[in-house]
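Here is a friendly walk through one protein chain, written to be read with the structure open beside you. Take your time and turn the view as you go.

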Amino acid sequence: MTALQRYAQFESSYRPRIGTDELTIHEQLAATDFMLRFVTMCAAAALRAADPNHVRLSRSPGFGGYISSLAWAQQQLRAVSTSHQPLNICVLEIIRAALEAVQAGNGQEQEFGTLKKLRDHIAHGGSIPEDINRKQAWKARVQTAADALHVAITSFLTDAEYVTGITDEGLKHLELLWPQGNRLELWPFICADSSDNWCVFSSCTGNTPYYIRRDNHDVRVAGRSDNLIAALNESFVPRADDKSLPNFVGELRDDLEGFRDPDSEPYHHEVSGVVNMLWVRATSDDPEERSDLFRLGDGDRREWRDDHGNWVSYPLFLRQIANWPAVARSTRQRLEKIERKLIEDEQENLDWSPGSDSMIQPFVDVTNLQGTRESGSAPIPFEELRQQIDDRLKVRGSQTRIFFISGEAGIGKTRTLITTALERSKLVEVEDTASSYTDRLPLFLYVRSTGQVLSSLSTVVNDAVAYTRNLNEKSVQTLCRNGLIALFVDGFDELLGGVGYDNALGSLRPWIEALGGRGVIVVSARSSYYLNQYRSSLDQNQNLSVEHRVAEFKRWTPGQISKFIEFHNLPTSDLDALSTDDRKLLGLPFFARVYVEAVKRGSLGISPLPDVIVNQYLTREASKLNEGSGDQKPLLDTDELRSVFENLALLMAEYGEREIPLQELQYATQIAISDELDTRRGLANRLTVLCGITVAGGNDTDRRFAFQHEIFFDIFLADVTMSAINTAEDAVGALGRMQWRSATAARIARLAPNESRRALTSTPVRAAAEQSERSAAIRSNIGLLWESLLHRSDALGDTMISGATFEDIDLTTVEVSRLEFTGCIFRTLTLPPAGHSWDLRFSNCTISTLQTRRSNRPLQGISVFEKNTVLQILDQDSHTDKPSEIAAKLHELGAPIEYKKEGSADSYRIEAMDFYLSNLRLRADTLYVTEKGHRPTEGHVKWMGEYGPDLWSEFINALLGTGCAALKPLSASGQKILRVKFNVSIDTLRRKDQQNSRVAQFWRIFSS
């Protein structure tokens, strides 16, 4: 029997010679794993023939370890002496073919773009998509790799014979021979049993190596020979260099911090790769002394020996010591209480009818932190975002994923987060504990700022889990690190852990560091200003192991609105009677409910929907104040109460808070009545009956006021601002006090369009916007107000806008004869196709993303385009973000710019460095590189390879050589990964600051 025939017998255990196409994706992956293992062991044998100390094989190699070992072998075999050259050429060819086979299994998906990511997802119990096309695409990728590996091994073994030699306690030496005289001793990596079945090395536990083989009964066999063990130990990565087990022990100690008794330090000992951890668990009764066994299994899988003596997945240990069923039950009970309170408050304070709403699933637009998205991506149902969270929790990655939930007030963020967390807790509570661990679901821990505005995130988390009696912040962080919990933080910008907006990253940073590059945090902030300040904070904190996504809630579509109206048994035809503004507002779930309740009571009238709910709110709150006053004059009439609420909105804006002390409520009331409170007997005592009064931190003496809904804050702030913009000097203060939301700007533009335009074009406002030291709030509010004015139905004449910041502005429907932007910032700017009969001008603007509609030369309607910075262009199906290509693209699309094709080699290199730095700042994610060659890591984003691998390596080496950055090791299986830690800020590098010696030296490298 030839070597190929003997191998074919083994492979047929995974891939039958007929019916290969009928194999499941799991069977194809098992075959791929086996074939890649076989090639890796052949490569190890060739390395051992050259130098046994240079094999560096892992004791428990996994899929990523195979790839890393093959890359290492490829590098080493190319450099060995010529005496081994004929054999090496043969082995190098199969290594090359195997690595190419793995590449052939890669795909276009972001989440599972590489074959390794896809294999890890499925091998660790990940679900297979129900969509038949996507399922077939996954299977085709795996089969492509498997077929290529089969061809590579077949070619390698063709014409080869095998011989067996010395028997070492059951396993025989195995050697391949070719007619040309080449010989390759496969022992100790591939051996033969007494029946000449080949045995391929699998793993080494303690001092015992294990092999897999084709057999009717025992498919796993241990190697017992001292010679065999010695030969393998000689070829393994030295234990001093293998940090897997020490790192695992360190992680165990960190994980136990939240569960152990603080008076007893844990200690451990290791025997043959098994860690015995002796520790004392803290309980509500007496402390519990425990002895738990842990190990790293095949592929460095973390395992715990359960009470039945079985080695099971490590997270099952955490579930047991956390008392998981009790945690799930308590979580469900707490969330039901929160949901009941939400519904009761709506009934009591907004006079809404009882009963639950129809839950319309919202859609979200997912982008990176700067608003750019993957090409071709579209808004997704929130259910898909929840699935992304679940999928992310299954991966022990190198970066903590933070999802920022954004959207207008009233769009349903809070209700969606509560409902999602509650539904998940119900599923976890009743899950079958006998089911596979991979089928178990994580919990979503929902915490919120309500009543906690003077608290840190640490305090809020501890308060939220106090009801479980056995969890605290430390143990929650352990569960988050290990994929058992995702943290949902609602109203995060109200927590003052860092204090306020000046350090927007401060409250979140301790958690990011505690998670160590793992886990998921979902953050909902009431103000977009927080997100902007967070971006700014990250510019000075580029060294955190974190990546970000922004999920912006989209308004309901007309179809979703109709579904909601029909759920409440109302005719959708009546919607035609609403004004244009009100029909748009129905896309916000809050105002859709306002409409339904007003129609049911017959109180809709002709007032706009915002005024309907505000007038109702004022009437109801005024009646509370005046209850029991008999024939006495009302303590406050509705006009006075409106003034009180406007004063409160102003105070909240100045303090940057949404809850303020009771004393401030009294102060706002005194201003409204222009007198002392005691002039109206009983008023001071009656103020506490307002629906917004809450008790902070469980302390009844600390009473605070908050509006029943964020919508009321936006409306009252708009109303009080309108009176301030009549004079230019007051307008500067009003615009710069705090960053508004779109509802505030839209109301001002609707009710005071002329006053708004006069204020925006006044000299004091323009001068304030141009002052770099001014708060970003004024620039953002100018942008919001201009955007609202531009989209009003009345057309504007010639308009010049300066110093504004726009988040996402679409000019396709704007009617204006001449529009000029100077010194403005655009996150996303969408321009109409050519043919608009108006004059558009841009100068000294920064545009993160420029989008154009389908047209031949859509930018030819721009008459001036001077000194602008454009970071990326989205045009139909193309995406452009290289500086040289952006200039060419702008010229191609019709923009009036000068474009030169030629450039020097130095200018090209400088352009590449600027491009790398701009993208690093734009994305605000952590940078990782491989140890060898400082290449981008597997699954890196596309922009890192735009200028080729050599310039990228030159970029990293220049950062390191000048001290602008340093490398920090990261614990990871497979190829060694390093984190790039910046010693100077990216902004300082981009400015080419010559006063900084490191920065000056960095740029001299590329201008020599």
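How much space lies in the second largest cavity? The answer is about 60 Å³. Please keep in mind that this is a predicted model.

## The chain as a whole

The chain has 1008 residues, and 54% of them count as buried. Its secondary structure comes to 34 helices and 35 strands. Its accessible surface is about 43,300 Å², with 47% of that belonging to carbon and sulfur atoms.

Contacts can also be sorted by how far apart the partners sit in sequence. Among contacts in the chain with a separation of 6 or more, 61% are between residues 24 or more positions apart.

## The second largest cavity

There are seven cavities of 30 Å³ or more in the structure. Helix H10, residues 324–349, and strand S16, residues 443–448, each supply at least two of the lining residues. The most comes from S16, which gives three residues.

Is Leu443 buried or exposed? Its relative accessibility is 2%, so Leu443 counts as buried. Leaving aside neighbours within four places in sequence, Leu443 is in contact with Trp324, Val327, Ala328, Thr331, Arg424, Ser425, Val428, Leu484, Ile485 and Ala486. One of these partners, Val428, lies 15 residues from Leu443 in sequence, and the two C-alpha atoms are 7.1 Å apart in space.

In soluble globular proteins, nonpolar side chains tend to be buried together. In this chain, the largest nonpolar core has 136 residues, and the members that touch the most others are Phe645, Phe707, Leu811, Phe821, Phe826, Phe842 and Leu890. Helix H24, residues 710–722, gives the most to this core, with nine residues. A second, separate core has 73 residues, including Tyr66, Leu87, Ile95 and Leu99.

Not counting residues up to four places away in sequence, Phe707 touches Tyr617, Phe645, Leu648, Ala649, Met652, Phe712, Phe713 and Phe716.

Why does Asp719 count as buried? Asp719 counts as buried because its relative accessibility is 12%, and buried means under 20%. Setting aside residues up to four places away in sequence, Asp719 touches Arg642, Glu646, Arg747 and Leu751.

## Backbone details in the loops

A cis peptide bond joins Trp187 and Pro188, with omega about 10 degrees. Pro188 sits in the loop between strand S3, residues 183–185, and strand S4, residues 190–192. The loop between S4 and strand S5, residues 198–205, contains Asp196. Phi of Asp196 is near 70 degrees, a positive value in a residue other than glycine. With a relative accessibility of 18%, Asp196 counts as buried.

Arg56 also has a positive phi, near 55 degrees, and is likewise a residue other than glycine. Look for Arg56 in the loop between helix H2, residues 25–50, and helix H3, residues 63–77. At 34% relative accessibility, Arg56 counts as partly exposed.

## A glycine in a loop

The last stop is Gly797, in the loop between helix H29, residues 776–790, and strand S23, residues 799–802. Is Gly797 buried or partly exposed? Gly797 is partly exposed, with a relative accessible area of 32%. Leaving aside neighbours within four places in sequence, Gly797 is in contact with Arg757, Val816, Ser817 and Arg818. Gly797 and Leu819 are 22 residues apart along the chain, and their C-alpha atoms are separated by 8.5 Å.

Notes: Residues numbered from 1 in each chain as written. Predicted model: local features only at pLDDT ≥ 70, side-chain atom pairs only at ≥ 80, totals over all residues. Heavy atoms only, no water. 1 Å grid on protein atoms, 1.4 Å probe; cavity = no way out; pocket = protein on both sides within 12 Å on 5 of 7 lines; lining within 4 Å. Points joined across faces, edges and corners; volume = space filled by probe spheres on them. Helix = DSSP H or I, 4+ residues; strand = E, 2+ residues; numbered from the N terminus. Core = buried A, V, L, I, M, F, W, Y, C linked by side-chain atoms within 4.5 Å. Buried < 20%, exposed > 50% of the residue type's maximum accessible area, 1.4 Å probe, protein only. Contact = heavy atoms within 4.5 Å. Areas by Shrake-Rupley, 256 points an atom, 1.4 Å probe, with all protein chains shown as cover.
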